[in-house]
Amino acid sequence: MQYAAPHMKNGGSVITLTYLGGQRVCANYKVMGVAKAALEAYVRELAFELGPKAIRVNAISAGPIKTLAASGITGFDYILEYHKSVSPLRENVTTTDVAEAAAFLSGDKAKMITGQTLFVDAGYSIVGVPQLG
Ligand SMILES: NC(=O)c1ccc[n+]([C@@H]2O[C@H](COP(=O)([O-])OP(=O)(O)OC[C@H]3O[C@@H](n4cnc5c(N)ncnc54)[C@H](O)[C@@H]3O)[C@@H](O)[C@H]2O)c1
């Protein structure tokens, strides 16, 4: 943003990708959780700093998706299975779901939304005690 912001003369929308591990402890996510917590704090700081220039800054917290980066996380297949069985929508998230949310955040329909972390996770993050059986 240090380099991009000066070129964004007419404002704009900036989006980063985060994960639940930035707000809760997720097994095997380890220091990535700390990094994502910092990233989400950065989103708020940058939204505050760049708001007067009409630049909005938000994060999308995506549910688990099997990508190259995700393959580095131990037990990822279990995470996918668990996420699907516990999330209110009983679905796993796709890259298209994340892209649709990003398109929304990029456009005018989100023109008053900044500094937020938007969960695109089939509702997984709201669950405290999952339905048993
Ligand atoms: N996959 C998931 O389950 C999941 C869930 C939540 C958040 N995320 C986040 O989404 C983001 C993208 O991850 P992904 O899962 O789509 O993985 P991915 O492997 O599909 O994509 C990672 C991308 O980052 C690029 N990249 C890597 N190092 C780079 C660098 N130094 N400079 C520029 N580009 C670089 C790679 O070329 C690749 O295109 C990450 O921040 C990840 O933490 C992923």
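Visitor: Where does Asn28 lie?
Guide: Helices (DSSP runs of H or I, at least four residues) and strands (DSSP runs of E, at least two residues) are numbered from the N terminus. Strand E1 covers 12-18. Asn28 lies between this strand and H1, in the loop.

Visitor: What kind of model is this?
Guide: Residues are numbered from 1 along each chain as its sequence is written, and side-chain values use heavy atoms, with hydrogens and water left out. Local features need pLDDT of at least 70, side-chain atom pairs count only at pLDDT 80 or more, and totals for chains, interfaces and linings use all residues, for this is a predicted model.

Visitor: What is the phi of Asn28 near?
Guide: Most residues other than glycine have a negative phi. Asn28 has a positive phi and is not glycine. Its value is near 70°.

Visitor: Is Asn28 buried, exposed or partly exposed?
Guide: Buried means under 20% relative accessible area, exposed means over 50%, and partly exposed lies in between (1.4 Å probe, protein chains only). Asn28 has a relative accessible area of 39%. That value makes Asn28 partly exposed.

Visitor: What relative accessible area does Lys30 have?
Guide: Lys30 also sits in the loop between E1 and H1. Its phi is near 50°, a positive value in a residue other than glycine. Lys30 is exposed, with a relative accessible area of 69%.

Visitor: Is Cys26 buried or exposed?
Guide: Cys26 lies in the loop between E1 and H1. Its C-alpha is 9.5 Å from that of Ile79, 53 residues apart in sequence. With a relative accessible area of 18%, Cys26 is buried.

Visitor: What pattern does the protein chain follow along the sequence?
Guide: The chain has three helices and three strands. Of its 133 residues, 34% are buried. Read along the sequence, the pattern is β-α-β-α-α-β.

Visitor: How far does H1 reach from its first C-alpha to its last?
Guide: H1 takes in residues 31-50, which is 20 residues. The expected span of a helix is 1.5 Å times one less than its number of residues. For H1 that is 28 Å, and the reach is close to it, at 28 Å.

Visitor: How wide is the arc of the buried residues of H1?
Guide: The buried residues of H1 are Gly33, Lys36, Glu40, Val43, Ala47 and Leu50. They lie on the same side of H1, because the arc they cover (taken from the directions from the helix axis to the C-beta atoms) is only 130°.

Visitor: Which exposed residues sit on the face of H1 turned away from its buried side?
Guide: This face looks away from the buried side of H1. Its exposed residues are Val31, Val34, Tyr42, Glu45, Phe48 and Glu49.

Visitor: Which residues are exposed on the other side of H2?
Guide: The buried residues of H2 are Phe76, Ile79, Leu80, His83 and Val86. Their arc around the axis is only 150°, so they are on the same side of H2. Exposed on the other side are Tyr78 and Glu81.

Visitor: How far apart are the C-alpha atoms of Lys66 and Thr95?
Guide: Lys66 is in the loop between strand E2 (55-62) and helix H2 (76-86). Lys66 is exposed, at 55% relative accessible area. Along the chain, Lys66 and Thr95 are 29 residues apart, and their C-alpha atoms are separated by 9.4 Å.

Visitor: How far is an oxygen atom of the ligand from an N or O atom in the side chain of Thr67?
Guide: A polar contact is a pair of N or O atoms within 3.5 Å. An oxygen atom of the ligand is 2.8 Å from a polar backbone atom of Ile65, and one is 3.0 Å from a polar backbone atom of Ala69. For the Thr67 side chain, the distance is 2.5 Å.

Note on methods:
A polar contact is a pair of N or O atoms within 3.5 Å; within protein, one must be able to donate a hydrogen and the other to accept it, and residues adjacent in sequence count only if both atoms are side-chain atoms.
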